[in-house]
Amino acid sequence: MNQKITLKDAHYNVIGYVEIKDNGDKTLKDSHYNIRGYYYKNQDVTKDAHYNVVGHGDILTSLL
């Protein structure tokens, strides 16, 4: 079962969502549900919406 986490700023405004798959992969979406990036657990790599590697490890929230 996939999990969805809502991300909020200091004023409790929704700034995005992280959807976590059962295998640990994550998809980051902005507040309008546009995909901003992906994290692949097996590769330990974060990629942008165009699948370009932006860093190693889970740095998804830096894409917001």
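Strands β5 and β6 run antiparallel and are joined by 3 bridges; strands are DSSP runs of E of at least two residues, numbered from the N terminus, and two strands count as paired if DSSP finds at least two bridges between them. Within this pair, valine 45 stands opposite histidine 56 of β6. The model is predicted, with local features requiring pLDDT of at least 70 and side-chain atom pairs counted only at pLDDT 80 or more, whereas totals for chains, interfaces and linings use all residues. Residues are numbered from 1 along each chain as its sequence is written, and side-chain values use heavy atoms, with hydrogens and water left out.

The β5–β6 pair belongs to an open sheet of 6 strands in the order β1-β2-β3-β4-β5-β6, with antiparallel pairing. β1 (3–8) and β6 are the edge strands, each pairing on one side only. Neighbouring strands of the sheet are turned by 20° against each other on average, direction ignored; the axes are lines fitted to C-alpha atoms, and angles between N-to-C directions run from 0 to 180 degrees. In general, strands of a sheet pair through backbone hydrogen bonds, either parallel or antiparallel.

Strand β5 (residues 45–48) also contains lysine 47. This lysine 47 is buried yet forms no salt bridge, the nearest side chain of opposite charge being aspartate 48, 8.8 Å away. Buried denotes under 20% relative accessible area, exposed over 50%, and partly exposed the range in between (1.4 Å probe, protein chains only). For charge, Lys and Arg count as positive and Asp and Glu as negative, while His and the chain ends are not counted. A salt bridge requires a side-chain nitrogen of Lys or Arg within 4 Å of a carboxyl oxygen of Asp or Glu. Apart from neighbours within four places in sequence, lysine 47 is in contact (heavy atoms within 4.5 Å) with Gly37, Tyr38, Tyr40, Asn52, Val53, Val54 and Leu63.

By the salt-bridge rule, the count comes to 2. One joins the side chains of glutamate 19 and lysine 29, at 3.3 Å from N to O. This pair links distant parts of the chain, with glutamate 19 in strand β2 (residues 14–20) and lysine 29 in strand β3 (residues 26–30), 10 residues apart. Glutamate 19 is partly exposed at 27% relative accessibility, whereas lysine 29 is buried at 16%.

A salt bridge also joins the side chains of lysine 26 and aspartate 58, at 2.6 Å from N to O. Here lysine 26 lies in strand β3 and aspartate 58 in the segment after β6 (53–56), 32 residues apart. Lysine 26 is partly exposed, with a relative accessible area of 22%, and aspartate 58 is partly exposed at 37%.

How values were computed
Helices (H or I, at least four residues) and strands (E, at least two) are DSSP runs, numbered from the N terminus.
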